[in-house]
Amino acid sequence: MGLLDLFRRRPSEPTAAPSSDPPPKPDETVGTGGTASWGGYPQSNEAAADMRGTARLKTFGETVRNVAVVGTAVRRTYRLIGGVKWTMAPARGDQIDEAAAKDAAEFAEHAILQAPRRPIGSWAKRIASAEFFGASVQELTYRKDSDPRWPDRWVVDRIDWRTTETIARWDVADNGDLAGVWQLPPLGAAEVYIPRWKLLYHVDDELSDSPEGVGLLRHAAESVRRLAVYLSLEGKGYQNSVNGNMVGRTPRAQMKASKMTDAQIDTAEAGLKDYLQNHRRKEDLYTLLDSKTYPNPDGSPSNVPMWAIDTLKSENDLKELAEAIRRDLWLVAIALNVEHIMLGSAGGSLAMQAQKSADYYRFVEGILENVAGVIARDAVDVVWALNGLDPALKPSPKFSRLSFNDVLELIAALKDLATAGVTVDRSDDAVKAVFEFLGLPTLDDDPEEMAARREQAAQAAGMVRTPVVDPGDGSIDVNLDDPAED
């Protein structure tokens with residue numbers, strides 16, 4: 001064996017796992033997380049002081065308030081999340097009674113979506129705030145309900161935000177799970193411990209297992225810092241720019257050579273000085289000066305007027321600084337998934353804007369999926385445990401999908417369906433949806449009239465409707481598959 005074999009393993013030699021005594025059990029966690037916590041204070045490897053602990057949250061809050069593109073991104077996302085409709089989907093399975101599952105879903109909608117004093121749109125947005133700030137903590141309070149359908153069952157009463165700035169310490173178990181938090185009230189009272197089962201907790205743990213999370217705003221922090229510097233420089237450059245400053249010219253040397261006294265020179269320049277000092281742009285303000293110029297040495301007239309008013313011009317117009325500002329604004333928008341709002345300021349197309357808008361809506365739906373998971377884990381599970389309900393009947397939170405349709409596209413789709421032979425009339429749900437979208441009245445369903453219209457539409461499409469009487473129960477089956485005979 002050579003010397004290098006001491007430091008490398010040959011491919012043919014398997015690596016033996018180190019022996020452990022006793023060996024770990026299947027339900028035993030052996031490793032540890034990557035975030036150390038001392039006395040409930042998670043340790044961070046952040047280099048920037050304003051990105052650690054509560055200082056990070058203060059910086060994020062100022063960024064949202066002071067940087068327009070960041071505030072727009074956060075508010076647009078919150079508005080979309082707060083505007084969806086939530087329901088509870090009944091449990092499904094071969095061994096599950098559908099009627100019992102439906103009743104359980106109705107109870108879950110009442111207990112979690114309707115009973116709380118704060119609407120779900122409000123606390124759903126607060127759950128989603130973890131995607132930007134790193135973590136979100138809300139406290140759940142329950143009450144015994146008096147609804148006659150489910151008497152004396154526990155339902156959610158209050159959902160109160162416990163802002164992460166007030167979370168003094170995080171109670172993290174040895175396996176990395178959050179067991180609870182210590183909150184330090186803003187008025188400076190003693191710490192209050194809130195156990196995990198009372199928390200509606202969400203954390204952005206894709207890049208770190210810290211209970212404080214990371215958040216999308218961290219990715220925009222460096223660009224925001226540069227933006228602050230660039231905007232400060234732009235303001236100073238604009239204030240110090242000489243572009244547009246008024247400048248006047250007088251033949252002061254020639255007047256002195258002609259033995260004019262200082263008082264006479266001041267009198268001669270008084271009108272021009274008064275104009276320069278009191279100049280304001282308006283339509284009726286102008287001046288007319290003699291066109292005489294300084295003579296050249298050979299006696300010919302030069303291009304330099306003896307008396308003149310002009311504005312200073314500078315080559316520095318801050319274009320490079322403006323481009324740097326635009327670049328970092330793009331980086332911030334990209335970090336927050338809202339670059340579609342920047343299109344049009346410096347190019348882009350309608351197709352590109354539509355594609356990036358669709359990508360943004362998918363991003364928001366991804367956040368909504370996370371919100372649904374938090375509600376299922378921290379609200380539905382606890383309500384089921386408090387009431388001793390069958391876990392197999394536990395429903396799943398569902399939200400309405402984000403849908404943004406162009407009315408012309410809807411009408412074109414209906415036209416294509418009709419051309420293909422599909423019966424489409426004003427009594428159909430799809431057509432009603434288009435009419436409601438346009439703000440037009442819809443028709444009430446009339447079974448006989450609807451059947452007659454469909455019969456006419458089938459005949460116009462070249463299809464015959466052949467009634468077939470079922471001798472078993474007398475029902476009528478309609479066959480649309482036979483082509484009309486010529």
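## Aromatic pairs

By the ring-pair rule, the count comes to 9 aromatic pairs. The rule takes rings of Phe, Tyr and Trp (its six-membered ring) with centres within 6.5 Å; planes under 30 degrees apart are stacked, over 60 edge-to-face, and the rest tilted. One of them joins Tyr78 and Phe132 edge-to-face, at 6.0 Å centre to centre with 85° between the planes. Tyr78 sits in helix H2 (residues 68-83) and Phe132 in helix H5 (residues 130-133), so the pair links distant parts of the chain, 54 residues apart. Tyr78 and Phe132 are both buried (under 20% relative accessible area, 1.4 Å probe, protein chains only).

Ring pairs also tie Phe107, Trp150 and Trp384 into a cluster.

## The whole chain

This is a predicted model, where local features need pLDDT of at least 70, side-chain atom pairs need 80 or more, and totals for chains, interfaces and linings use all residues. Residues are numbered from 1 along each chain as its sequence is written, and side-chain values use heavy atoms, leaving out hydrogens and water.

The protein chain has 13 helices and 16 strands (DSSP runs numbered from the N terminus: H or I of at least four residues, E of at least two). Of its 486 residues, 33% are buried.

Definitions and conventions. Buried < 20%, exposed > 50% of the residue type's maximum accessible area, 1.4 Å probe, protein only.
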